[in-house]
Every structure is written in structure tokens, then in C-alpha cells.
Amino acid sequence: MNSRRIFLQKLAAASVAVPFLPLYKSFGNPVVDKPQDGKILRVAICGLGGYGTRVAEAMQTCKRAKLVGVISGTPAKVKAWQAKYNIPEKNCYNYENFDAIRDNPDIDAVYVITPNALHHDQVIRVAKAGKHAISEKPMSINAKQGQEMVDACKKAGVKLLVGYRMHFEPNTLEIIRMRKDGELGKIMFFQGLSGFKIGDPTQWRLNKQLAGGGSMMDIGIYSINGARYMTGEDPIWVTAQETKTDPVKFKEGVDETIQFQFGFPSGAVASCLSTYSMNNLDRFFLNGDKGFAELQPSTGYGPIKGRTNKGELTGPHTIHQAVQMDEMAALIFDNKQPIVPVDGEEAVKDLKIIDAIYEACRTGKKVPLKL
Ligand code: NAD
């Protein structure tokens with residue numbers, strides 16, 4: 001019997017003996033509310049870079065997800081990860097041979113954490129190998145590719161999930177609860193500011209081939225996705241304006257700064273900024289006719305802080321990637337429905353919006369959207 005099961009049994013016994021144990025205050029986050037049990041999601045990470053490393057570390061604290069394999073083009077990294085995380089040789093692959101993962105019964109899912117433009121092909125290969133796929137954001141570099149990924153996973157009978165970690169963050173979920181319960185009244189306006197000053201001009205994030213675009217693909221997507229989960233609506237039109245102060249660093253097709261606006265079916269509007277040239281931009285503001293909510297920082301690794309017209313938000317700080325992976329185990333194995341979706345269809349909506357934003361920048365026109 002594993003130690004976790006023993007712990008749970010002890011916990012159950014304790015709660016029988018002491019029936020009035022104080023409960024955690026619920027912030028709508030089941031992982032925070034109570035320990036989880038159930039089948040463990042055995043994950044291989046594809047792409048052992050900065051974020052892959054963060055996910056691997058976070059997974060060490062997971063209750064229902066375990067890092068069991070790697071896919072990498074760098075043998076030295078594979079060796080280091082094998083030693084650090086006790087990964088057997090048979091669960092190590094490179095970008096050429098990882099289709100063979102189909103014959104590996106010890107891996108349930110592959111988490112693709114490579115440069116944006118690679119997600120499409122890699123996720124489709126994972127699906128064809130019969131494994132569940134988790135992709136980092138942006139799921140791909142346009143909606144057409146995104147839809148192909150959704151279709152491939154459907155055809156293969158595997159789940160496709162996207163690393164939208166904020167969908168499990170307690171303060172974010174508390175605002176969503178308040179909005180759903182009518183505590184903010186009729187939602188009128190959302191503002192999203194997403195940006196940072198990007199460094200090294202040679203990195204893949206500034207290479208159109210690998211990034212698919214610029215700041216919008218990388219960081220602006222947080223305001224796009226946030227506008228949708230904060231208001232609870234999908235936009236029906238988009239306008240957008242691009243500005244570039246450094247055309248050498250931000251080449252053709254790599255956006256430096258874009259301001260964009262949405263209109264929603266209810267009449268609510270949003271105004272957002274995506275940039276690679278300004279620091280300290282990580283802020284959401286939601287205004288309704290009975291109240292407001294703001295988050296700053298709104299999408300960093302935390303602690304996520306904010307307040308509403310009722311006072312400061314006091315949800316606990318969580319390790320986003322650990323909560324996300326535990327929740328994904330429940331989505332995959334228990335068919336649990338998340339409060340805000342994290343599936344491929346959800347990501348295609350964001351990609352359709354990105355396509356429309358780029359079109360609006362190009363044409364200067366208001367672009368209608370049907371999501
Ligand atoms: P990174 O540059 O640190 O790592 C990328 C990894 O991909 C490296 O290990 C690199 O070796 C590998 N790779 C494979 N093929 C490559 C190729 N052809 N060119 C370049 N690298 C290649 O990048 P990152 O910050 O880890 O970002 C990876 C993905 O994760 C991106 O899609 C990014 O948007 C996403 N991300 C998400 C979050 C989040 O909070 N959800 C945070 C950071 C990054």
C-alpha cells in the first residue's frame with residue numbers, strides 16, 4: 001500500500017473521530033478543498049526547456065500525476081532528467097523515434113512543451129500513438145492547425161488538453177464564481193494588460209517560423225483567454241492596432257505591441273494590450289454594474305493577488321502546474337468537467353481570435369467572429 005493511501009486512511013479515520021474538524025474555505029478549487037485519490041496520470045514531457053523544467057518540478061508535488069518519461073533532442077538533458085527524476089531508459093525518446101511510445105504501456109499522456117509552431121505536428125503524432133495529449137499554449141499557431149489537432153485526437157480516441165493553468169487558480173475562480181452568482185451585476189467592461197520586455201533577440205520567441213507570431217502568441221493570449229473567462233462570454237467582433245518601435249528586433253510577422261478590443265453578445269466590451277516592450281504588465285480588471293474585480297498579477301506563477309468591491313481576495317497560493325496536472329488526471333480518467341474548459345476546442349477559440357486580431361491589424365477593419 002502506498003504512503004498516500006495510508007495517509008488518506010488516517011485522514012478518514014481522524015475525521016470520523018473528530019467530526020467537527022474545520023474545513024478549508026472553498027474557493028471552488030477541488031484540489032485545494034480535499035485530497036484526491038484515483039488513477040495516476042503517467043506523463044512524458046516533450047521539450048525539456050524552461051517551462052518543461054518548471055512543470056517537472058511542480059509535478060513532484062502532484063497527487064495524481066507523475067513524470068515517468070521524456071522526449072528530447074538533447075541526450076545530456078535526458079541523462080540529467082533520468083537521474084533527477086528516476087526515469088527508466090525505456091521511457092526516454094527523441095523527436096525522431098517518439099512514435100514508438102505507442103508500444104509503451106507505462107505512459108498515459110505526453111505533455112508537449114516545445115516552441116509554439118511544433119505543437120501541431122507533435123500533438124498529432126502523440127494522438128496517432130494512442131496517448132492523451134497535453135499541449136502548451138498557444139496550442140498551435142493558427143485556428144486551422146488547432147482544428148486539425150482536435151480532429152486528430154478525436155479520431156484517435158484520446159483527450160487533448162491545453163496548459164491553461166489559470167483555469168484552476170483560486171482567486172481567478174473566486175471572481176468567476178462572483179460573476180456567475182450575479183455579485184458583480186451585469187458585466188460591462190474587461191481590461192487585460194499582458195506584457196514583458198523580451199531579451200535575447202536570437203531566441204525562438206522572436207522567430208516567426210517557430211513562434212508563429214510575436215507577443216500575441218506568447219503573452220497576449222493571456223488577455224484573450226482571460227477576457228473570455230472573466231466575462232463568461234466569447235467575443236463577436238475584434239478590432240486591433242499594431243505598433244512597432246524596433247523593426248530590427250521584431251521582424252516581419254513578429255508583433256511587438258498590439259492593442260485590441262472585443263465586443264461581446266451582451267454588449268460588454270474589452271480593451272487589451274499585448275506587448276514585448278514593457279514590463280510590469282500583468283493586470284485584469286472586470287467591471288459590472290454592481291461591482292468590480294481586479295487581479296494584479298493576474299497570470300504570473302503567483303501569488304495571484306487582487307481585490308473586488310467587497311475587499312481583498314484571499315485565496316491560497318497554489319503551485320499552478322501541480323494543480324493543473326492533478327486536475328487533468330481527473331479530467332482524463334474521471335471525465336470530470338472543469339469550471340473553465342481546458343480542452344482543444346477551448347484553445348481553437350483563442351486561435352480564431354488571434355487569427356482575427358492579426359487580420360484586424362492588417363486590414364484596419366472590425367473583424368466579425370463566430371466562435
Ligand atoms: P524554452 O526555449 O525554454 O524551451 C523549449 C524547448 O524546446 C527546449 O528544450 C528546446 O531544446 C526544445 N526544442 C525542440 N525543438 C526545438 C526547435 N526546433 N527549436 C528550438 N527549441 C526546440 O521555451 P519555454 O519557455 O519552455 O516554452 C515552451 C512552450 O511552453 C511554449 O509554447 C510556451 O508558450 C509555453 N510556455 C507556457 C507557460 C505557461 O505558463 N503556461 C510558460 C512558459 C512557456
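In what order do the six strands of the open sheet stand? The order is S3-S2-S1-S4-S5-S6, and the pairing is parallel. The model is predicted, so local features need pLDDT of at least 70, side-chain atom pairs count only at pLDDT 80 or more, and totals for chains, interfaces and linings use all residues. Residues are numbered from 1 along each chain as its sequence is written, and side-chain values use heavy atoms, with hydrogens and water left out.

Strands (E, at least two residues) and helices (H or I, at least four) are DSSP runs, numbered from the N terminus. Two strands pair if DSSP finds at least two bridges between them. Strand S3 (92-93) and strand S6 (160-162) stand at the edges of the sheet. Each has a single partner strand, so one side of each is left without a neighbour in the sheet. S3 runs parallel to strand S2 (residues 65-71), and two bridges join them. Here Val70 stands opposite Cys92 of S3. S2 also pairs with S1 in the parallel sense, over six bridges. Within that pairing, Leu67 in S2 is the bridge partner of Val43.

Strand S1 (residues 41-46) is mostly covered, with five of its six residues buried. Ala129 lies in the loop between helix H5 (119-128) and strand S5 (132-135). Ala129 is buried, at a relative accessible area of 6%. From C-alpha to C-alpha, Ala129 and Tyr95 are 14 Å apart in space, and they are 34 residues apart in sequence.

Charged pairs were searched for next. A salt bridge is a side-chain nitrogen of Lys or Arg within 4 Å of a carboxyl oxygen of Asp or Glu. The whole structure holds 22 salt bridges. One of them joins Lys154 to Glu345, with 3.2 Å between the closest N and O atoms. This pair links distant parts of the chain, 191 residues apart: Lys154 is in helix H6 (residues 143-156) and Glu345 in helix H11 (residues 344-363). Lys154 is exposed, at a relative accessible area of 57%. Glu345 is partly exposed, at 38%.

A salt bridge also forms between Lys349 and Asp234, whose closest N and O atoms are 2.8 Å apart. Distant parts of the chain are again linked, 115 residues apart: Lys349 is in helix H11, and Asp234 is in the loop between helix H9 (215-231) and strand S8 (237-243). Lys349 is partly exposed, with a relative accessible area of 26%. Asp234 is partly exposed too, at 22%.

Glu294 and Arg283 form a further salt bridge, with closest N and O atoms 3.2 Å apart. Glu294 lies in strand S12 (residues 292-295) and Arg283 in strand S11 (residues 281-288), so the pair ties together parts that are eleven residues apart in sequence. Glu294 is buried, at 13% relative accessibility. Arg283 is partly exposed, at 22%. Elsewhere, salt bridges that share partners join Glu174, Arg177, Asp181, Glu183 and Lys310 into one network.

On a 1 Å grid over the protein atoms alone, a cavity is a set of points where a 1.4 Å probe fits but cannot get out. A pocket is an open set with protein on both sides within 12 Å along at least five of seven lines, and lining residues have an atom within 4 Å of a point. Grid points are joined across faces, edges and corners, and a volume is the space filled by probe spheres set on the points.

The largest pocket has a volume of about 790 Å³. It is lined by 34 residues, and the closest to its centre are Tyr51, Lys137, Arg205, Asp218 and Tyr301. Helix H3 (50-59), strand S7 (187-195), H9 and S11 each give two or more residues to this lining. Domain 1 (2-165) and domain 2 (170-314 + 342-368) each supply at least three residues.

There is one cavity of 30 Å³ or more. The largest cavity has a volume of about 90 Å³. Its lining includes Lys137, Tyr164, Arg165, His167, Tyr222 and Thr299. Both domain 1 and domain 2 give residues to this lining, so the cavity lies between them. The domain bounds come from an automatic or database domain assignment.

How values were computed. Buried < 20%, exposed > 50% of the residue type's maximum accessible area, 1.4 Å probe, protein only.
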